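Try each task before reading its solution.

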Amino acid sequence: MNTDRAFARYEAVRKSLPKAQFPSNSIEAENLGALAKEFDVFVLDAFGVINVGNTAIPGAPERIAALQAMEKETYVLTNGASFNAAAARAKYTRLGYSFDASRIVASRDVLASHMSDFAPDFKWGFMAFTESKIEELCANPHLLEDDPALYDRVEGFILLSSIGWTRPRQELLVRSLQKNKRPVLVGNPDLVAPLETSLSFEPGFFAHDIADRTGIEPRFFGKPFANAFEEVARRIERDRPGTPGHRIAMVGDTLHTDILGGAAAGFRTVMVTDHGLFKGHEIAPYIAESQIVPDFIVRTT
């Protein structure tokens with residue numbers, strides 16, 4: 001997977017994404033520090049904004065600390081669903097950040113808040129890995145691996161993490177759903193994520209493949225969908241009541257998740273270009289083709 005292929009796939013699934021209004025053009029700045037006067041609240045994507053893989057973006061911990069020292073509210077809104085928000089906070093702390101646990105919204109936790117839509121003993125099959133603690137999410141979890149019978153026995157599927165997921169496992173899942181359509185919940189809508197030297201395939205990529213081949217409409221939890229932004233908006237209202245949308249910045253590295261979702265939520269948006277999906281590429285052609293226009297473009301966090 002590369003940037004152009006990922007962008008094309010996002011465009012191909014655009015009909016399933018929210019709609020939003022955008023500014024006519026973007027204002028360029030060097031980093032978030034240059035935008036401090038524009039905003040009272042910064043909502044930060046994780047991958048591509050504060051970290052790449054397991055590495056902090058150079059200068060980002062110091063920049064975020066400086067914003068916090070100016071009494072700016074800072075939140076992390078991440079589609080990383082392998083672990084809960086508490087585990088995410090521990091990772092960010094190791095990378096040099098200081099975020100209160102209540103200021104981290106993980107898409108996994110957004111999904112968890114909707115699990116009551118199903119019976120407590122509903123039998124779920126999980127795209128995940130052993131350290132994902134799927135038992136936190138339901139009473140009857142089953143880790144999907146290479147047993148075809150298990151795919152047919154479960155009552156629905158939850159896509160949390162593509163670590164260890166293989167093409168043969170995807171085929172088992174698709175074939176099982178073609179035989180018997182069941183609910184598919186997606187805890188990470190991203191198609192790809194930036195690692196230190198590559199882009200990883202994420203659960204959203206496999207979810208859209210399922211939709212194309214089975215006709216099932218997965219339920220997505222996370223950016224760019226409203227459920228994630230509604231949760232972070234509730235926390236902003238708790239911490240800084242009455243903050244208008246134009247004083248809230250959604251900061252991200254991906255047009256179709258961070259920028260589209262932030263705009264749909266009524267926030268202004270900031271695109272970081274040098275560390276995520278569009279690293280090494282001029283962003284202007286992608287903005288022109290998608291017509292997803294950030295309010296601001298910065299080179300680095």
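**Exercise 1. Find the surroundings of Thr269 in this predicted model.**

Start with the contacts. Beyond its neighbours within four places in sequence, Thr269 touches Met250, Ile259, Gly262, Ala263, Val293, Pro294, Asp295 and Phe296. Then check its accessibility. The relative accessible area of Thr269 is 0%, so this residue is buried.

**Exercise 2. Work out which face of helix H1 is buried and what it packs against.**

First, list the buried residues of H1 (residues 3-12): Thr3, Ala6, Phe7, Arg9 and Tyr10. Now look down the helix axis. These buried residues fall within an arc of 160 degrees, so they line one face of H1.

Then turn to the partners. The buried residues of H1 pack against strands E11 (192-194) and E12 (199-201), and against helices H7 (203-214), H9 (255-264) and H10 (284-290). To finish, look at the start of H1, where a side-chain oxygen of Asn2 comes to within 3.2 Å of the backbone nitrogen of Asp4.

**Exercise 3. Decide whether Leu199 is buried or exposed, and trace its contacts.**

Leu199 sits in strand E12. Its relative accessible area is 17%; buried means under 20%, so Leu199 is buried. For the contacts, leave aside neighbours within four places in sequence: Leu199 then meets Met1, Asn2, Thr3, Val192, Ala193, Pro194 and Leu277. One of these, Met1, is 198 residues from Leu199 along the chain, yet their C-alpha atoms are separated by 6.4 Å.

**Exercise 4. Describe the nonpolar cores.**

Begin with the largest core, which has 40 residues. Phe157, Leu159, Leu255, Phe278 and Ile283 have the most contacts inside it. Two or more residues come from each of H1, H5 (148-153), E9 (156-159), H6 (167-179), E10 (184-186), H7, H9 and H10. Now zoom in on Phe278: outside the four places on either side in sequence, its contacts include Thr3, Phe7, Leu255, Ile283 and Tyr286. A second, separate core has 30 residues, among them Phe39, Leu44, Leu95 and Tyr97.

**Exercise 5. Compare the volumes and linings of the largest pocket and the largest cavity.**

Take the pocket first: its volume is about 680 Å³. Of its 36 lining residues, Phe47, Gly80, Ser82, Phe83 and Lys91 are the closest to the centre. Helix H3 (85-94) gives the most to this lining, with five residues, while E11, E12 and H9 each supply at least two.

Then the cavities: there are two of 30 Å³ or more. The largest cavity holds about 40 Å³ of space, and its lining residues include Tyr10, Val13, Leu17, His208, Phe220 and Thr257.

**Exercise 6. Identify the side-chain partner of Glu231.**

Locate Glu231 in helix H8 (residues 226-239). At 18% relative accessibility, Glu231 counts as buried. Its side chain makes a polar contact of 2.8 Å with that of Arg235. Leaving aside neighbours within four places in sequence, Glu231 is also in contact with Val105 and Val110.

Definitions and conventions: Residues are numbered from 1 along each chain as its sequence is written. This is a predicted model: local features need pLDDT of at least 70, side-chain atom pairs count only at pLDDT 80 or more; totals for chains, interfaces and linings use all residues. Side-chain values use heavy atoms; hydrogens and water are left out. Buried means under 20% relative accessible area, exposed over 50%, partly exposed in between (1.4 Å probe, protein chains only). Helices (H or I, at least four residues) and strands (E, at least two) are DSSP runs, numbered from the N terminus. The arc is that of the directions from the helix axis to the C-beta atoms. Contact means heavy atoms within 4.5 Å. A polar contact is a pair of N or O atoms within 3.5 Å; within protein, one must be able to donate a hydrogen and the other to accept it, and residues adjacent in sequence count only if both atoms are side-chain atoms. A nonpolar core is a set of buried Ala, Val, Leu, Ile, Met, Phe, Trp, Tyr and Cys residues joined through side-chain atoms within 4.5 Å. On a 1 Å grid over the protein atoms alone, a cavity is a set of points where a 1.4 Å probe fits but cannot get out, and a pocket is an open set with protein on both sides within 12 Å along at least five of seven lines; lining residues have an atom within 4 Å of a point. Grid points are joined across faces, edges and corners, and a volume is the space filled by probe spheres set on the points.
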